[in-house]
Amino acid sequence: MQKPDIEHETAYIAKEVVRKIAPEEVELFNFTSDEFFENPKIFCHPIAKSEVALGSGLEFTVPMTLIILPIVSHVLVLFCDECIKTAAQKSTITFLDILNNVIHPKTAKNEKIPHEHDDKVRLLMDIREISYKKALELELDQKPANELADSIVACIVNRIENVWIKT
Amino acid sequence: MPEISNIRFNPFVFPSETDIRFVILIFSILSYLLMSSSIICYLLLDYILLEVLALSILLSTLGIWYIYSEYPINIIKEYKTNEISEFPEINKILNRIISNRDLGPKTPKILIYNPKPAKNDIFVFGRQNNFYIAIPSGLAVKIKKQPEIFKTYVHHELAHIANGDVTKTYLTLSAWSFFLYYTSFYFLIIVLIVIIIREYTTSVMFLSYMLPGISLFIIIIYFTKNSILRIREFYADQRVAAWDESIINIERLLSSTILPSTKLEFLSGLKNLFAVHPLIGQRLKMLTDNKRLFIPNLWVALGVGILTYTFRFSIGKTIGLCIGIEETYIGLILSIIASPLIVICVGTEVFRSTVWSFSLPGDHLFQRCGLLWLLITAFVMVIGQEVSFLLLKGTNYLLELDLIMFIYDVPLRLLFFFIPLFYITYFGKKLMEHHFGEDKPSRIYFAISILATILCIAYFIPYFIPWINFYVYIALVFLYFLISAIVVELIIQNKSKCPFCNEQIKESFSMDLKCPVCQHDLAGWAKTFMKHSSG
C-alpha cells in the first residue's frame with residue numbers, strides 16, 4: 001500500500017471515529033488532518049503544557065481528532081497489509097460477528113468460534129490492544145481510551161467490510 | 001460642595017501595576033546598556049562613551065523593534081493558524097461574543113490553530129490595532145458544548161486588548177529576547193577586546209568588579225519580565241468579572257482548571273517567581289478580594305530600592321572610571337536621574353491607593369495607604385538599597401562596616417524615600433480636589449510640602465556637605481520635587497484621554513464620567529468593580 005493510500009484510509013477511518021466519539025469536531029476535521037499529515041511525528045506524543053506568554057495560563061484538552069488520527073495512523077501502518085489480506089479471504093462469517101467476539105468476549109465465551117476465524121479475532125484484538133495502549137500513551141483516561149479503542153476497531157471493520165463488498 | 005469622602009473616584013485612570021513594572025523594565029535595560037557601554041569604553045582606554053552608548057541604544061531600539069514587529073508574522077507561521085471564517089458555525093457564535101464588547105478599532109480577528117507541543121492555549125497577539133486572538137481547536141469545539149466557559153475564555157483575551165496589555169507584553173518579550181542576544185554578543189566582544197589589548201590583569205580586575213552589577217541587572221530584568229507577564233492576568237480577570245457583572249463565570253473557569261500544587265506553599269511561591277502566569281489560587285484570591293490590586297506592592301518597592309542603588313553605584317563607578325571623574329559626583333547626578341523612578345513606580349502606587357481609598361463608600365482616607373504603609377514601603381525600599389549595596393560591595397564591606405555610619409545611614413535613606421511618598425499622597429489629594437474644582441488647594445498642603453522639603457534638606461546637609469555645594473544641593477532637591485509634580489501631572493494628563501475617541505477629558509477621576517464627544521461611559525466597568533468590592 002502507498003503512503004497516500006494509507007493517509008486516505010487513515011483520514012476516512014479517523015473521521016468516522018470522530019463522528020462517533022466527538023461529533024462536534026467534524027467541522028474542523030479537515031483542517032486538523034491536513035496539518036497532521038504534514039508532520040505526523042509531532043502529534044505522536046502527549047501535548048505538553050502550554051507556555052504561551054499572553055495566553056490564559058490554563059490547561060486545555062487536546063481535541064479528540066488529534067488523538068484519534070495518530071492512533072489510527074499507527075494502527076493502519078502496522079496492520080494495513082493484514083487487513084487487506086483478511087478482507088480478501090472473503091470469509092463466510094461477517095466482520096461484525098468477529099467484532100462482537102472482540103468487544104464482548106464474555107458473552108461470546110460459551111460460543112464456539114470456528115478455528116479459521118481465530119486469526120481474524122486475534123488480529124482485531126491486537127488492533128484494539130494497540131489502540132488502547134496508544135490512547136493511554138496520549139494521556140487519555142482508561143474509560144475514554146476503552147471507548148476509543150472499540151470505536152476504532154468498529155470503524156476499521158466497517159471500512160474493510162465496505163471495501164470487501166465493493167470488490 | 002460635596003464632601004470628598006462622598007465622591008466616588010475612579011482609581012483605574014492610573015497606570016496599572018503592569019505599566020509600573022514596564023517602566024522598571026525599560027529603566028533597567030537602559031541602565032544595563034549604559035553600564036555595558038562604559039565597560040567597553042574603559043577597556044578600549046578611549047573616551048568615546050557617548051558614541052558607544054548612542055550606538056548601543058540605537059541598535060537595541062532597532063533590535064527590539066524588529067523582534068516586536070516580526071512577532072505577529074512569526075506566530076501565524078509557527079502556529080499555522082487559519083481564519084475562523086472558514087468555519088461558519090463557530091465563526092457566527094464568536095462574532096456575537098466579540099461584538100458584544102465594544103472595542104472599536106481594537107476589535108480582533110479570530111484565528112484557529114491545532115495544538116502542538118507546548119502550544120495549546122488561547123492567546124492574543126498583534127500590534128497597532130491589528131489584533132488577533134488565536135484559539136486552539138480543542139477549545140473551539142467547546143463552543144456548543146460549554147458556551148459560557150468558551151465565552152469567558154474569549155472575554156479574558158478581549159480584556160487583555162482592552163487593558164492595553166498586548167503591546168506591553170510583546171515589547172517585554174522582544175526586549176528580553178534582544179537582551180539575551182545582546183548579552184551573549186557583548187561578552188564575546190569583551191573577550192575579543194581583552195585578547196587584542198592584552199591587558200589581562202586590569203581587564204579581569206575590572207570585570208570581576210563589575211560582574212555583580214551586571215548580574216544584578218540581569219536578575220532584575222528577568223524577574224521584572226516575569227512579573228509583567230503575571231500581573232496583567234489579574235487585571236484581565238477583573239475586567240472579565242466587570243463585563244459579566246459577576247465573578248461567577250471567571251471563578252468557575254479558574255476553579256475548574258485548578259492544578260495540583262506543591263504542598264509547600266513557600267516552594268510554590270518561589271516557583272511562581274520564575275513563572276509567566278500566576279498560580280490559579282492567587283488569581284482566585286485576587287478575584288474575590290480585589291482591593292489587593294490597590295495596596296502598594298512591596299515587591300515593587302524592593303525592586304525600585306535595588307534598582308536605584310544599582311543604577312547609582314554601578315553606573316557611577318563605570319562611568320567615573322571611564323571618563324576619569326570621581327564616582328560620588330556622578331553618583332549624585334545619577335540619583336537625581338533615578339528619582340523620577342521612585343515617583344513613577346512607588347509614587348503612583350501610593351497615589352492610586354489614595355484614590356482607591358476615596359472610591360470606597362464612607363470616609364476611608366488613607367486606610368490603604370496610611371502613614372504606616374508609607375513607612376513600610378519606604379523601609380522596604382531602604383532594604384532594597386542595602387541589599388544591592390551589600391551585593392555590589394561584596395562581603396568585605398561587612399567586615400569593614402562602620403556601624404555608626406550604617407545606623408545613621410538607614411534612617412536617612414528611610415526619610416529620603418518616605419518624604420516623597422508622603423508628599424505624593426497629599427499632593428494627590430489636593431490635585432484631585434483641584435480637578436473637581438470643588439476646593440482650592442489649601443494652605444496646609446503647601447505648608448506640608450515646604451516643611452517636607454526643608455526637613456529633607458536639613459537631613460541631607462551633613463551627609464553631602466563635605467563634597468557638594470550647599471546651594472546646588474538645595475536646587476537639586478527642589479528639582480526633585482518639581483520632577484515629581486510634573487511626572488504625576490503627566491501621568492494624569494496621559495490617562496485623561498477617552499479610550500474610544502481620544503478626546504482629552506479633564507475630570508477623569510469621576511466614576512460617573514461620560515465622554516462629552518462620544519458619550520461613552522468611561523468608568524462603566526470600574527463602577528461594577530467597585531460595586532463588587534464594596535458589596
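Select helix α9 (residues 248-256) and helix α11 (residues 280-288) of chain B, and show the side chains of B:Ile250, B:Glu251, B:Leu254 and B:Ser255 in α9(B), which meet B:Ile280, B:Arg283, B:Leu284 and B:Leu287 in α11(B); residues are in contact if their C-beta atoms, placed from the backbone, lie within 7 Å. By class, this contact has five nonpolar, one polar and two charged residues, where Ala, Val, Leu, Ile, Met, Phe, Trp, Tyr, Cys and Pro count as nonpolar, Asp, Glu, Lys and Arg as charged, and the others, Gly among them, as polar.

This is a predicted model, in which local features need pLDDT of at least 70 and side-chain atom pairs count only at pLDDT 80 or more, while totals for chains, interfaces and linings use all residues. Residues are numbered from 1 along each chain as its sequence is written, and chains are lettered from A and ligands numbered from 1 in the order in which they are written.

Now look at the two axes, lines fitted to C-alpha atoms over the stretch in contact, with angles from 0 to 180 degrees between N-to-C directions: they come within 10 Å and cross at roughly 160°, and α9(B) and α11(B) are therefore roughly antiparallel (over 145 degrees).

Finally, show both chains, where the contact takes 37 residues from chain B and 27 residues from chain A.

Note on methods
Helices (H or I, at least four residues) and strands (E, at least two) are DSSP runs, numbered from the N terminus. Angles under 35 degrees count as roughly parallel, over 145 as roughly antiparallel, 65 to 115 as roughly perpendicular and the rest as oblique. Two residues are in contact if their C-beta atoms, placed from the backbone, lie within 7 Å.
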